[in-house]
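This report concerns charged side chains, their pairing and their surroundings. Please read it alongside the sequence and the model.

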Amino acid sequence: MNMITGTRIIADLYRDSVSLMKISSRLDSLPNVIQASCIMATPANINLLLEAGLLSSEIAAEPNEVLIAIEAEDKTSLNEALDLAENELRQRASTNSNREQKSESSEPFSQEMALDINTEANLVLISTPGPYAAAEALKALKLGLNTMIFSDNVTIEDEILLKEYANKKNLMVLGPDCGTSVINGVPLGFANVVKKGNIGIVAASGTGLQQVICLIDEGGGGVSQAIGTGGRDLDSRIGGLSTIQGIKALDKDQETSVVVIISKPPSLKVVDSLIKKVKKMSKPAVFCLFGSNIEDPKVKNIYITETLEDAARTALSLSSNSIEKNIAHKNETRILELLNHVPKVSNNGRYLRALYSGGTFCYEALSLLNGKLEELHSNIAFPKSTLMSNPWESRGHTLLDLGDDLFTRGKAHPMIDFSIRNERLMEEASDPETAVILFDIVLGHCAHTDPSSAIVPIIDQIKSNKENPPPLMIGFICGTEGDPQNLFSQKSNLKKAGVLLANNNAEAVRLAAKVIENL
Amino acid sequence: MTNLFNSKLSVINVGVSDFAEPIISYNAKVINVDWKPPGNDEKVARALSLLVNSPEVEEANHKSFQRYLDSQPTLVGVKPASKVIECMNEKTIMHSGPPITWEKMCSPMKGAIIGACIFEEWEKDHKSAEKALESGAINLVPCHHNGAVGPMAGIISPSMPVWIVDDPIHNSTYFCNLNEGLGKVLRFGANDSEVINRLHWMKEILGPALGKSLEKLEPLKLKPLMAQALHMGDEVHNRNVAASGLLLKRFTAAALDADIKSTIISELVDFISNNDHFFLNLSMSACKAMMDAAHGVPGSSIVTAMARNGTDFGIRVSGLGDNWYKSPAPVINGLFFPGYDSTDANPDLGDSSITETAGVGAFAMAASPAIVQFVGGSAADSIKNTKLMSHITHGHNDAFTIPQMDFSATPACIDVRKVVDTSIMPIINTGIAHRKAGIGQIGAGITKAPADCFSQAVIALAKTFSE
């Protein structure tokens with residue numbers, strides 16, 4: 001086949017990466033288009049296209065221009081795709097209306113202009129490319145506004161600077177790399193639809209926060225505030241500045257009666273000082289801190305939990321003034337019950353392959369499997385597991401965070417764009433060493449609008465391969481009944497496809513471990 | 001944070017516009033910012049963030065702006081440049097825009113300087129003039145460095161008569177040459193005998209006659225005259241019909257009062273009434289007076305000059321001393337006279353953008369719908385342009401009001417921070433010169449200041465705080 005590539009430059013147009021990725025993935029799905037990409041023509045982005053083979057040589061384009069690069073099977077398809085891309089891009093430009101034509105009624109071009117229009121604004125949500133995000137956040141703080149930084153790639157030096165400045169001004173920095181928060185009942189970023197209630201959450205982890213609020217919602221409880229602090233907040237260099245601020249605020253908040261604190265592996269020193277602060281609190285606090293092995297401080301108002309599920313259940317019972325006993329025993333019973341439904345693994349595989357779109361789930365899994373399964377490999381660093389030198393190739397039990405920059409370069413996050421995970425799913429399924437594939441589905445605002453439709457066709461394809469008996473597929477959905485994707489139909493579509501559905505990540509991981517132990 | 005919990009959430013969304021949707025569905029307020037990377041450069045964005053809402057900058061700008069408002073440019077006389085401008089005692093020629101060497105000058109500016117050498121009788125022909133200029137025997141300095149401004153090539157040589165404009169509030173004096181009219185003129189690089197003869201007439205007849213007439217007038221405050229012209233359809237940059245008429249009215253009576261021969265009065269009235277741009281040079285000196293008043297406040301981010309020499313576009317900023325921040329001069333988007341197109345156009349030229357810097361010209365475009373026709377726009381566009389500019393200025397100048405906008409004040413004093421933060425570039429109304437010397441004006445239109453010089457200024461200003 002004669003493949004051809006072509007490019008087009010649209011001058012003086014800026015689009016955020018999510019809009020561009022949406023257009024790119026739409027182009028990708030066109031018949032006769034092999035691959036396609038729309039980018040802001042920064043040197044780094046141009047390099048990505050060169051690496052992807054979408055550009056044959058350097059191209060003269062400026063960072064304030066959009067570059068469309070397409071590889072297609074023939075010239076007509078190429079030109080059609082280029083036209084379509086240009087139309088889409090320009091359409092967005094015209095719906096947003098031309099900068100020149102704008103009068104006072106249209107979108108502002110800066111935070112200050114926005115503040116002129118709405119003087120009561122109190123939070124700036126920032127999702128610009130990382131290197132610009134710190135600057136936008138500093139502007140917000142200087143204008144006296146709280147800020148949530150969704151963007152990643154903010155340096156730790158900038159994070160320290162921002163958080164120290166905010167602390168002085170009694171303002172809050174949520175993030176950076178804060179995927180989700182719920183403030184005053186309003187979901188920000190990738191957030192689930194949850195009922196209002198009396199449980200407040202401070203989380204240095206995006207999916208960790210989502211999982212806990214979903215389980216609280218499922219258990220009939222509600223959320224007062226859910227504060228994302230960014231994954232590095234409990235790093236010793238940051239010292240938990242945002243977490244401490246959040247805890248203090250929740251302690252004062254009259255709507256909140258229980259506080260949950262979640263983090264990816266934290267610094268033990270920071271945890272110590274955190275616990276000291278929490279001891280003084282008048283409200284009970286539930287901790288879930290992966291990989292930290294903190295000892296129970298044996299203080300009346302502090303509860304240490306091992307999993308997100310346990311944290312949610314403990315918080316739920318505390319919120320209704322009861323204490324759930326024998327959580328561990330109940331978990332065990334449920335797993336045994338589920339095991340009854342597990343079909344016999346029909347192939348000769350021996351290993352677990354977990355493909356996560358939520359990074360915290362990967363930490364939680366590594367922490368749960370530690371001591372249960374030998375030889376854990378992952379693309380994230382975790383005590384007693386091997387950091388993979390080549391995350392593109394699984395070895396032994398492999399647990400992947402597919403939201404890692406390494407996998408997402410030039411693509412949207414795997415909660416939105418399923419292509420990376422689907423490819424990996426196919427690979428793992430055709431690997432005879434794979435016994436169990438485990439995956440998460442995350443619902444909520446801004447996630448994929450119909451995830452089961454994105455993954456079920458791949459599962460069907462895997463099952464139809466008669467030469468290679470398919471591995472066991474265990475999945476779980478992190479979402480609520482209120483989420484826009486329709487939890488019920490997502491569940492039933494996955495079940496119909498033969499996926500064994502667990503209630504949450506901890507349950508899915510324990511089940512997978514039992515299946516493998518029993519092989 | 002606790003305050004946040006106790007109040008209604010109201011969000012400014014910067015970046016992914018989709019994030020606004022869930023917020024809206026919860027009936028919370030959200031405004032999407034149509035964001036562009038400031039200056040397309042992380043370092044610029046960083047420098048900008050240090051300056052936004054900084055108390056030091058706000059205070060400096062307030063002071064700078066107040067000095068701009070306070071200034072009271074007043075026409076006091078006309079004299080030969082050598083008598084009133086210090087640097088004009090030697091073989092020195094002043095030009096428009098930021099500093100530039102002879103080699104790098106555009107052709108219209110070179111032609112005009114050669115013409116000035118011949119007019120001053122320093123050289124007898126083009127060839128010898130060029131040689132002298134190449135050898136560096138003649139000093140070339142920017143008008144802006146000597147309290148002066150000049151349209152297009154902006155050439156002022158020692159024996160040319162200049163307007164003298166005092167600012168009694170700040171005890172300073174400003175200058176501009178006299179306008180030669182349209183067609184084949186020195187400021188577009190023409191330098192044949194017709195041009196030189198006119199310059200001699202201006203030196204020997206027009207200048208002294210204006211000077212004498214002025215002695216019969218009370219010092220003439222220029223801001224009220226400009227304000228009146230704005231109410232009569234001028235924006236006092238590219239349209240000066242009304243202001244020139246108002247000026248002529250004053251001069252005719254004064255000239256009749258003064259001891260001037262009636263044939264000369266007749267020549268004077270004839271010359272001024274045939275030049276719709278006669279007032280431009282006074283408008284420019286008034287604007288220069290206002291902006292120099294605002295200049296030199298440490299920490300201030302207010303632009304005090306935008307000027308072009310046909311090669312570079314440069315700006316000066318109140319808190320950044322005598323430095324210029326330069327970008328290549330842009331080509332103008334406009335209407336061309338029959339027989340010419342954009343390939344004939346010289347890049348933007350002249351000090352006349354001092355008018356936009358001072359809050360008139362394109363910033364007062366709503367006062368002058370006739371100007372928008374240059375780019376095929378409508379009267380509504382002229383209002384839009386003026387409103388757009390108010391997003392990048394420190395404030396408004398009550399001295400200049402716009403009837404079409406319910407007599408609201410014109411946006412004034414460009415803030416480099418706002419330009420970089422919003423990516424809204426200052427608009428400039430301007431004439432278009434032919435790229436070859438001597439052909440003259442070939443069109444007129446609207447251009448935007450280039451972004452890069454504002455980014456450089458933001459970086460430089462941020463540095464003054466870190467040092």
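This is a predicted model: local features need pLDDT of at least 70, side-chain atom pairs count only at pLDDT 80 or more; totals for chains, interfaces and linings use all residues.

Residues are numbered from 1 along each chain as its sequence is written, chains are lettered from A and ligands numbered from 1 in the order in which they are written, and side-chain values use heavy atoms, with hydrogens and water left out.

**Salt bridges**

Over all chains, the structure holds 28 salt bridges, each being a side-chain nitrogen of Lys or Arg within 4 Å of a carboxyl oxygen of Asp or Glu.

| Pair | N to O distance |
|---|---|
| Arg8(A) and Glu86(A) | 2.9 Å |
| Glu136(A) and Lys139(A) | 2.8 Å |
| Arg316(B) and Asp322(B) | 3.0 Å |

Arg8(A) forms a salt bridge with Glu86(A). This pair links distant parts of the chain, 78 residues apart, with Arg8(A) in strand S1 (residues 4-10) of chain A and Glu86(A) in helix H3 (residues 75-95) of chain A. Helices (H or I, at least four residues) and strands (E, at least two) are DSSP runs, numbered from the N terminus. Arg8(A) is partly exposed, at a relative accessible area of 22%, and Glu86(A) is buried, at 18%. Buried means under 20% relative accessible area, exposed over 50%, and partly exposed in between (1.4 Å probe, protein chains only).

Glu136(A) and Lys139(A) are separated by about one helical turn because they are three residues apart in helix H5 (residues 130-142) of chain A. Both Glu136(A) and Lys139(A) are buried. In chain B, Arg316(B) is buried, with a relative accessible area of 7%, whereas its partner Asp322(B) is exposed, with 56%. A network of salt bridges links Glu159(A), Lys163(A), Arg232(A) and Asp233(A).

**Positive patch**

A surface patch of positive charge includes Lys248(A), Lys252(A) and Lys280(A). Patches are made of residues with over 30% relative accessible area and no salt bridge, like charges being joined within 9 Å. Helices H8 (241-252) and H9 (268-279) of chain A each supply at least two patch residues, and H9(A) gives the most, with three. Lys280(A) sits in the loop between H9 and strand S12 (285-289) of chain A and is exposed, with a relative accessible area of 72%.

**Domains of chain B**

An automatic or database domain assignment gives the bounds: domain 1 (2-35), domain 2 (43-68 + 293-466) and domain 3 (77-283) of chain B. The C-alpha centres of domain 1 and domain 3 of chain B are 56 Å apart.

Key:
Patches are made of residues with over 30% relative accessible area and no salt bridge: like charges are joined within 9 Å, nonpolar side chains (Val, Leu, Ile, Met, Phe, Trp, Tyr) within 5 Å. Accessible areas come from the Shrake-Rupley method with a 1.4 Å probe; for residues, only the protein chains shown count as cover. Lys and Arg count as positive and Asp and Glu as negative; His and the chain ends are not counted. The place of a charge is taken as NZ of Lys, CZ of Arg, CG of Asp or CD of Glu.
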